[in-house]
Every structure is written in structure tokens, then in C-alpha cells.
Amino acid sequence: MNLWLESLDAPLQHRAGITDDLDVDIAIVGGGFTGLWAAHFLRQEMPGAKIVVLEKEFVGFGASGRNGGWASALYPVAFDRLVIEVGEERARNVREVWRRSVPELGAELARHGIDAGYSYGGNITVARTKVQMKRVEAEFLAAEHAGEGAVRLSRDQVKDRINISGSVGGLFIRECARIHPAKAVRGLASAVERAGVKIYEESEVLSLRPGASSVAKKGIVKVRHLGTIRRVHATHIVEATEGFLPSINSPTRSNRSVVPVYSLMTATEPLSPEIWKEIGWSGNETLAEACHLITYAQRTADDRIAIGGRGAPYFFNSKISPEQDRDPQVHGQLRELARSWFPILRDVNFTHAWGGPLGIARDWHPTVSFDDKNGYARAGGYVGDGVTSSYVAGRTLADLLSGKKSEFTKLPWVNHQSPPWEGEPVRWLAINAGLKAMTWADREEHLSHRESLIARAMARLLGH
Ligand SMILES: Cc1cc2nc3c(=O)[nH]c(=O)nc-3n(C[C@H](O)[C@H](O)[C@H](O)COP(=O)(O)OP(=O)(O)OC[C@H]3O[C@@H](n4cnc5c(N)ncnc54)[C@H](O)[C@@H]3O)c2cc1C
């Protein structure tokens, strides 16, 4: 069960599906953060445009309604690598835009009266071994190099903020906020509707074919609702389906542009004031441990601990299904991790366990692409850093489609071409080997107290 969808302010009600063929200016596929931020900013940049959002299930069904609620300034490509690829100035600019976007996103939610528990408390990465501390130090130096104000934390300074068992130190980064993701995405949907965008739910896009602006030929989106097929004719088609992308046919891009990789989460019951007195965490910082396998946690607005991590297997042929939302082994490891951070959680119930797919391109680069010859646009591939990135993507898409030149249209993700993933079964073997290797790397470090050789070898293979 997904904590976020279960703790909305109002019961989840589905919007109506599509019942007619339509002729529109902009058809957006996917009702997550990317599709809705795009709709939001397109409405501002192209006020007269007829915009529809087509969502297969309901707004927030995808990663946007299931994530860890970190609105971070993280960009999936490491700063050093970005410098090599696009030069120092552009790389710095990326970091600057993302950092600035964290408070801007909060202000935008507030402007529309969306109460999503936004709390701008920063982020702590804690080290619990000397090897992890080395990685934290490397992160600090990388942040310094990028001109960012990261702060080293001593063991006592970590403890003053969050009383994590076994901590030897950590790193604090200012630019991160905690949100309740489902309240944010559903509030955003209501805001774009109020602004005149039409959202169709239970409307599954089966295929899309862009048009040709040179002969004023509109693109066609084929949509199914209750077994009936409808056609949406659109000047612009924006694909915002992240990990779900491989399930839609389109001649404009490969179905191997991104793969869906699962991240899973679990949450405790609301914790008593006595437990919070022991743990601290009054600053609502988002929290991670400097392991190889990604972990992330937040203290929720209703006083639970929600913790997530990778490690669930990738399924053959980019399959996505509800059964993949739960993995007893990974959920068990997450509960174990939370209890090892905070032994006081020993008798506390974990009431929720869920998960969802995020999208990863072969070179780990997110993309916002737009072709003005056929009106097709796409954004995604955020590798699990999509909360703030989708906000920036919405702004970028709005400027690209409206023809406005801006700092967003100069970002290096614009029209970035990632190579396609390998075909099966190579893809299945490689991704699962990578996921397993990162789990083993953490175990290896735990046992050997030395930097993992497996992780070093994998980093070379993965190229980051
Ligand atoms: C468990 C988990 C934890 C995460 N934690 C964080 C975090 O803490 N911070 C962070 O920055 N990022 C995090 N992420 C990543 C982040 O949630 C995503 O990058 C972001 O939500 C992507 O938004 P999106 O709108 O592009 O995609 P989604 O939210 O996945 O939306 C895509 C939408 O497309 C719809 N769709 C699919 N197929 C079709 C179709 N055929 N027709 C019509 N619609 C279709 C889906 O139903 C879905 O609603 C996490 C992801 C997961 C899964």
C-alpha cells in the first residue's frame, strides 16, 4: 500500500476519460510531475493554446505519486563528468538552476495553495564507516568544486540533528526540501485544470505519430478509454511517461531510450513524541546513508519515517506490473536499515510498503527534446532525481514549444541524444548484474572495512 496515495486530504476520485476524437494544440501524454509542470508553464507561455493531458490511470499513478519526496538539487550526471561533456560554465549553470529551483518549486506550490508538506530543511548524507566517510569527503570536495555550500558534519553535529546509530560524520547540503509527493502532484493537477487545461484519466495512449509542421499536418495520438479508441489530433505532442515510455509505440524514438528500474519504499506508523525525542530530526532534513546502493528517507509531515532504496530486480523486456511494486527481500532490507539507524524502532510497525518504476537512459543523462519540424517533445530519464528535475523540464518544454529563447533552452539536456539500451537478454543481464553488484559492494565494505573493489569495477563499467 502506498502511504502517499492513502494519506491524501480527499479520497482519490478518477477524472473522466476521453469520449470523443479531439483537435488540440498540445497533447501531453502522462499525468505525473513532468506532464503537469509542462501543462502549467505552457499555459503561461501559450495562453490561448488548447492543451490536454492524457493519463492511462490517474494523476500521480506513476513515480510522481510514489517517490521519496526529496525535492533535491541533484542532477543525475556528476559535475566532473558534465564539465568534460559541456564545459565548466554550462555545468555550473546546471547546478545553479537546480539549486535555485528547490525553493522556487516550493513557492510555486504555495502560490497555488498546494499544501504538500513542503519543508526546506536541507539534506544530510551520513557516514557510518570510515570508507563511507571517504565517500562523503569526496562528495564535499565535488560540491566545493561546483561552487556549492556543502557543510561537513562531525559525528556530534550529525547526532545533534539526527541521532543515527553508528554515525561517524556526514555532509549537509542546504538545497533539498521534503514534500508529500502525491499531494503535490494532485494539487498541481487541480491548479492546471483551474487554468483551463483538460485532463483525461483512464485514457491509455497506445501509439503516437507526430505530424509535419512544413505542411501543417497535425500529429495523431491513439487513445483507448473503456475499450473504445479515440484519436487526438495535435500540433505538439509531449511525451512525459518516464519509466513507462517503452510501452508506447512511436516512430520518433526507440523503445530502448529509457529502461524502467524499480525503487521501493516502506514507512512506519506515526511515531510517538518519546521516540522523536530520542531520534531528534526536528529540522526535517532528508536523509541518506553513503552506501553504494541508493537509500533515501524523510520524516513525514505526519511524523512517520518513510525510507526507500533501489535493489529490486529489473524485469525482462522492460516489463512493468503491479506485482513489481513489492519485493519482500528489498522491503525487509529497508526495514532492517531503518532499525539499524534507529534501534528504538525495534517494536515499531511498518505500515506501508510500495514501489514504482523510474526511467534511466543508457548514459544516465536526462533529456528534454523538441523537434519543431514535427512538433514532438519528450522529457525524462531523471534516474530517480525527478522531483525538481521535472519542474525544470516543465519550464524548458514551455520555452521550447513557445519558441522562447531562455536559460532553460540553453541547458545541456535540450535535445541530448542518449544511445539506446542494448537489446534483450543483454540488457536484463547487465542491469541486474549492476544492481546485485552494488548490494554486494556494501556487504564487501561492511566486512572488509575497505573501499569495495566491486564498486570500483562497476563504476568503470557504468561510466560514472
Ligand atoms: C519509489 C521511488 C522513489 C523516488 N524518490 C525520488 C525522490 O525522493 N526525489 C526525486 O527527485 N525523485 C524520486 N523518484 C523519481 C521521481 O519520482 C520521478 O523521476 C518523477 O516522478 C517522474 O515524473 P514523470 O511525470 O516524468 O513520470 P511519472 O510520474 O512516472 O508519470 C508518468 C505517467 O504516465 C502515465 N502513463 C504511462 N503509460 C501511459 C500511457 N500509455 N498512456 C497515458 N499515460 C501513461 C503513468 O500512469 C504515469 O502517471 C523516485 C521514484 C520512485 C519510483
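Predicted model: local features only at pLDDT ≥ 70, side-chain atom pairs only at ≥ 80, totals over all residues.
A polar side-chain atom of S64 is placed 2.5 Å from an oxygen atom of the ligand, and a polar side-chain atom of N67 lies 3.1 Å from an oxygen atom of the ligand. W70 contributes through its backbone, with an N or O atom located 2.9 Å from a nitrogen atom of the ligand.

The elements that supply two or more residues to the shell around the ligand are helices α2 (33-45) and α10, together with strands β9 (204-209), β12 (258-268) and β16 (350-361). In total, 36 residues surround the ligand, and T34, E55, S64, V205 and V387 are the closest. Classified by residue type, this shell comprises 15 nonpolar, 15 polar and six charged residues.

Helix α10 (residues 386-402) also packs against helix α4 (residues 88-111). The packing of two helices is described by the distance between their axes and the angle between them. Here the axes come within 9 Å and cross at roughly 90°; α4 and α10 are therefore roughly perpendicular to each other. On the α4 side, the contact is formed by V97, W98, S101, V102, E104, L105 and E108, which meet V387, T388, S389, Y391, V392 and R395 of α10. Seven of the residues in this contact are nonpolar, three are polar and three are charged.

Definitions and conventions: Residues numbered from 1 in each chain as written. Heavy atoms only, no water. Axes fitted to C-alpha atoms, helices over the stretch in contact; angles between N-to-C directions. Helix = DSSP H or I, 4+ residues; strand = E, 2+ residues; numbered from the N terminus. Parallel < 35°, antiparallel > 145°, perpendicular 65-115°, else oblique. Contact = heavy atoms within 4.5 Å. Nonpolar A, V, L, I, M, F, W, Y, C, P; charged D, E, K, R; others polar. Near = heavy atom within 4 Å. Polar contact = N/O pair within 3.5 Å; in protein donor to acceptor, adjacent residues only side chain to side chain.
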